[in-house]
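Biologist: Can you walk me through this one? I'd like pockets, core and salt bridges.

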Amino acid sequence: ADFLLLELDRLDFQPEVVAWASPGREEAAYLMASFTNTSGEELLESERVSRFVDGVFVGGETFEGLVSGDESEIGFGEIDGLQLTRSVLSSNEGERGVLSRSNERATSTEMEIRNLTDKDWPVRVWGRVAYSEQEDLQITWQANPPVSEENVGKRRGILAWDIDVAAGETRLIRLDTRIAWPEGMELR
């Protein structure tokens, strides 16, 4: 049997467009669009939906459907020219203290977002820090610039920064972490 092709009505939404960046996991940022279904209608699921950016086909995938009033985030692929790197500036482990001894590990990392495009980008940068489930294990961290959100999506240790990166600009994020535990205990 031949496939049946139906042309359906067109719905327009005003999405929030942002670049998602995860330095250390990826070398480039990804174009994401967030929108709310304000059509008053349910958007039906489909096995194949084509995605276009500025009239150029960028791919297709399954669409799960979206009820009226619900929100969705849709990816549109890699952004050429938004480059990401993550570097460990220092990592020290040792003992500290005179009378009471404890162990400590300190790490400084730097995330770099380089915008080689001719467009300014709002960028959501994702990062992570260790978190403790034991009272004796003390974890502290400091970020410059400060994070926009901690424990993103109710996931412990996930951080996010919302920054603007102008065309041709490079932005740096520094994250310093300190983990301390009492003498006689091992960190695994």
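Modeller: One term before we start. Buried means under 20% relative accessible area, exposed means over 50%, and partly exposed is in between (1.4 Å probe, protein chains only). By that rule Asp176 is partly exposed, with a relative accessible area of 27%. This is a predicted model, so local features need pLDDT of at least 70 and side-chain atom pairs count only at pLDDT 80 or more, while totals for chains, interfaces and linings use all residues. Residues are numbered from 1 along each chain as its sequence is written, and side-chain values use heavy atoms, with hydrogens and water left out.

Biologist: Which residue meets Asp176 in a salt bridge?

Modeller: Arg174, at 3.0 Å, N to O. A salt bridge here is a side-chain nitrogen of Lys or Arg within 4 Å of a carboxyl oxygen of Asp or Glu. Arg174 is partly exposed, at 36% relative accessibility.

Biologist: How many salt bridges by this rule?

Modeller: Six. Another one pairs Glu149 with Arg124, at 2.4 Å, N to O. That pair links distant parts of the chain: Glu149 is in strand 9 (residues 149–150), Arg124 is in strand 7, and they are 25 residues apart. Strands are DSSP runs of E, at least two residues, numbered from the N terminus.

Biologist: Is Arg124 buried or exposed?

Modeller: Buried, because its relative accessibility is 13%. Glu149 counts as partly exposed, because its value is 30%.

Biologist: And what about Arg156 and Glu133?

Modeller: They form a salt bridge too, with the closest N and O atoms 4.0 Å apart. Arg156 sits in the loop between strand 9 and strand 10, and Glu133 in the loop between strand 7 and strand 8 (138–144). Arg156 is partly exposed at 45%. Glu133 is exposed at 67%.

Biologist: Switching to the core. Which residues touch the most other members of the largest nonpolar core?

Modeller: Val123, Val125, Trp161 and Ile163, out of 28 residues. A nonpolar core is a set of buried Ala, Val, Leu, Ile, Met, Phe, Trp, Tyr and Cys residues joined through side-chain atoms within 4.5 Å. Strand 5 gives the largest share of this core, five residues.

Biologist: What is Trp161 in contact with?

Modeller: Leaving aside neighbours within four places in sequence, its contacts include Met111, Val123, Arg124, Val125 and Ile173. Contact means heavy atoms within 4.5 Å.

Biologist: Now pockets. What is the volume of the largest one?

Modeller: About 1,900 Å³. On a 1 Å grid over the protein atoms alone, a pocket is an open set of points where a 1.4 Å probe fits, with protein on both sides within 12 Å along at least five of seven lines; lining residues have an atom within 4 Å of a point. Volume is the space filled by probe spheres set on the points, which are joined across faces, edges and corners.

Biologist: Which strand gives the most to its lining?

Modeller: Strand 3, with seven residues. The lining of the largest pocket divides into 24 nonpolar, three polar and 13 charged residues. Ala, Val, Leu, Ile, Met, Phe, Trp, Tyr, Cys and Pro count as nonpolar, Asp, Glu, Lys and Arg as charged, and the others, Gly among them, as polar.

Biologist: And what about the second largest pocket?

Modeller: Its volume is about 400 Å³. It is lined by 18 residues, with Ala21, Ser22, Arg25, Trp126 and Gly127 nearest its centre.

Technical notes
Helix = DSSP H or I, 4+ residues; strand = E, 2+ residues; numbered from the N terminus.
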